[in-house]
Amino acid sequence: MDERHIRQLLRRMADGEPVTAGAGTFGQAFAPLVFYARQFGYTYTDITAGRRQLLIRFVPDPSPRARTRAAENRARYPDAATGGELPPPDPDAMALIKAQGYFAMDLPISEGMKIGLSVFLVSFVSMALATRFGPGIGAGVWGGALALVAVGALFNRRSRARNSALLDAAGFTLTTDPTGRRRYLPPADPPD
């Protein structure tokens, strides 16, 4: 992730208002943006797909732990937004953020429905190719694409199980939002 995007986010957070930041791709941008926002008192509330990039919405985190961490980091890294030193990234925190984001980006439909939709699309494209280039080409594309769908489903199932286990072990709570999307919420602050 380009530090320029992180510093731009930090500058936009300076007024204490909610911020929406664009992230080019999920894997490269999401975790660093969320990590540095958390270091300075913000938390992300939603991820949506924009025209060319992901849009991440951040709001001030009112929890005592977040306020304390933000005050410490502002004192320790006063010029972080303008080119000064940034807090060092924490690989464990980044792994948790990526796992949390995996569920935030997941579509609110069942795995069977995703596979069914993929098979339908593969069949439709294969029939179009068979009409245009002959049944041999259509059948070859259909078989190869179905194999990719099966491998993708297996990979998705393993990723979901791995990320779920990581978040459960860290005390995150699985919830379902009103749109049916599953999300993991971080552990609540202990009472003061």
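What is the volume of the second largest pocket? The second largest pocket has a volume of about 260 Å³. The model is predicted, with local features requiring pLDDT of at least 70 and side-chain atom pairs counted only at pLDDT 80 or more, while totals for chains, interfaces and linings use all residues. Residues are numbered from 1 along each chain as its sequence is written, and side-chain values use heavy atoms, without hydrogens and water.

A pocket is an open set of points on a 1 Å grid over the protein atoms alone, where a 1.4 Å probe fits, with protein on both sides within 12 Å along at least five of seven lines; lining residues have an atom within 4 Å of a point. A volume is the space filled by probe spheres set on the points, which are joined across faces, edges and corners.

The second largest pocket is lined by 14 residues, with Leu10, Met13, Ala14, Phe40 and Arg74 closest to its centre. Helix α1 (residues 3–13) gives the largest share of this lining, 3 residues; helices (H or I, at least four residues) and strands (E, at least two) are DSSP runs, numbered from the N terminus.

For the largest pocket, the volume is about 500 Å³. Its lining comprises 19 residues, and Arg38, Arg65, Arg69, Pro186 and Pro187 lie nearest the centre. At least two lining residues come from each of α2 (26–39), β2 (42–49), α3 (64–76) and α4 (91–104).

Thr43 lies in strand β2. Beyond neighbours within four places in sequence, Thr43 is in contact (heavy atoms within 4.5 Å) with Arg38, Arg57, Phe58, Val59 and Asp61.
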